[in-house]
Amino acid sequence: MSADTAASTRAPEPPRRPGARRRVLGRLGASLGRAWLALAVYATVRAAGVVCVAVGAWRIGKHPRNQLGHYWDGLWYVGIAQHGYGTDRPSVTHPGLTFSDLAFFPLYPGLIRAVTGVVPLSPVTAGLLIAWTTAGLAAWGIHAVGERLYGRRVALMLVVLWGLLPHAVIESMGYTESLLTALAAWSLHALLTRRWVWAGALALCAGATRPNGLAVAAAVCVCAAAEIWRHRGHTSWRVWAGAALAPLGWLGYAGWVGVRRGTWRGYLDVQDNWGTYLDFGVSGFHTARALIMGNGPLPHYIALIVISASLISLGCLALRPPPLPLVVYTLALVFVAFASSNYFASKPRFLLPAFPLLIPAALAMAKARPGAAVLAGGALAGLSCLYGAYLLTNAPSPV
């Protein structure tokens, strides 16, 4: 038999499987391709919100960039990025309280510092660039979660609703809500697709972003515990690794603050000095009762409406609960927002990362006639843009 004949009768070699990196990039590319419409609509509505803020800022003689990136908490983040931790300020509005920059977690200012070390941008501009980029990543992650659970139409509505919330202007500011939501959404997606190490790593970063980032770690750890219980003796090491990684960001920063303050209560003392502690909703209840019985500023009434809508949505969600990761994550965020004392007007901001609360409304809009859905979306867009401009130009208190 000739060499050519032998070669022709040899079994063909199996095709080479693409590498892991190529497969991951392929999946991400396909996901992005399916999400492009949602991301385009989201970018449009948020750009409209930024334009409204810019017009309002120019009318009062302020620079739009400063209103978005160097205002309220943005001042603290930029200060940490420039000078590190160590600033304490006595409160002007709350006598007896001392505000410390140790209340702000390190990932976002660390990213600002990293970007300004590589690209010739000011810290304020770098902070806005990070916020806007992570807002897009958050919208993509929300779409990925929604599409996996309910299909593309509901995923589209979920992203649009998140971009049209009354406080959605926060998603365009130099704040940490967009970064946390991006990390949370993709961590939850990793849990849904059983990528435990990725879920834990993203939860670690979420815990280093905001105090309520611990909600992501709670979702990972509870789901890992359920997995371990379900498959006793046959659990992959990845499940254990994900659960071990998840709380390290939050615990690491809280531990560092404790060492710096010289007491295990270091981080709790910092929060106490900001007037934030666990009162299980007592102060919020008194504020809500006072608003119903008397008068109050507009942001407090909008906050009361958002809180009421969130509770109604939570009840609707209980009738058709999503998978366990979303349930644990949402309940943890709601608990932190409602059980913490003071800062009533900020509670809707604390709920911004709780995008699963929007699932009942997204399901309803997906079933509605296109004309009705467009009309509802237009009304929400007008409210979101105008109220966002009001918050950054005329609101009497920080959000």
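Which residues form a positive surface patch? Hi everyone, that's where I'd like to start. They are R23, R27, R148 and R195. Lys and Arg count as positive here, Asp and Glu as negative, and His and the chain ends are not counted. A patch takes residues with over 30% relative accessible area and no salt bridge, and like charges are joined within 9 Å. The place of an Arg charge is taken as its CZ atom. Accessible areas come from the Shrake-Rupley method with a 1.4 Å probe.

Before we go on, a word about the model. It is predicted, so local features need pLDDT of at least 70 and side-chain atom pairs count only at pLDDT 80 or more, while totals for chains, interfaces and linings use all residues. Residues are numbered from 1 along each chain as its sequence is written, and side-chain values use heavy atoms, with hydrogens and water left out.

Back to R195. It sits in the loop between α8 (177-192) and α9 (196-207); helices are DSSP runs of H or I, at least four residues, numbered from the N terminus. R195 is partly exposed, at 33% relative accessible area. Buried means under 20%, exposed over 50%, and partly exposed in between.

Now the annotation. The unreviewed UniProt entry places a "transmembrane region" at several stretches, including 35-58 and 121-142; such annotations may be inferred rather than shown by experiment. In the model, residues 35-58 are 100% helix, with end C-alpha atoms 34 Å apart. Residues 121-142 are 91% helix, and there the ends lie 29 Å apart.

Next, salt bridges: a side-chain nitrogen of Lys or Arg within 4 Å of a carboxyl oxygen of Asp or Glu. How many does a search of the whole structure find? There are 8. In one of them, R210 meets E177 at 3.3 Å, N to O. This pair links distant parts of the chain, with R210 in the loop between α9 and α10 (214-230) and E177 in helix α8, 33 residues apart. R210 counts as buried, at 8% relative accessibility, and E177 is buried too, at 1%.

Another bridge joins E227 and R230, with the closest N and O atoms 2.9 Å apart. Both residues lie in helix α10, about one turn apart. Are they buried or exposed? E227 is buried, at 5%, whereas R230 is exposed, at 53%.

One last stop: F344 is in the loop between α16 (324-339) and α17 (347-350), and it is buried, at 7%. Its C-alpha atom is 6.3 Å from that of G284, 60 residues away along the chain.

Technical notes
Helix = DSSP H or I, 4+ residues; strand = E, 2+ residues; numbered from the N terminus. Patch = residues over 30% accessible without salt bridge, like charges linked within 9 Å, V, L, I, M, F, W, Y side chains within 5 Å. Buried < 20%, exposed > 50% of the residue type's maximum accessible area, 1.4 Å probe, protein only.
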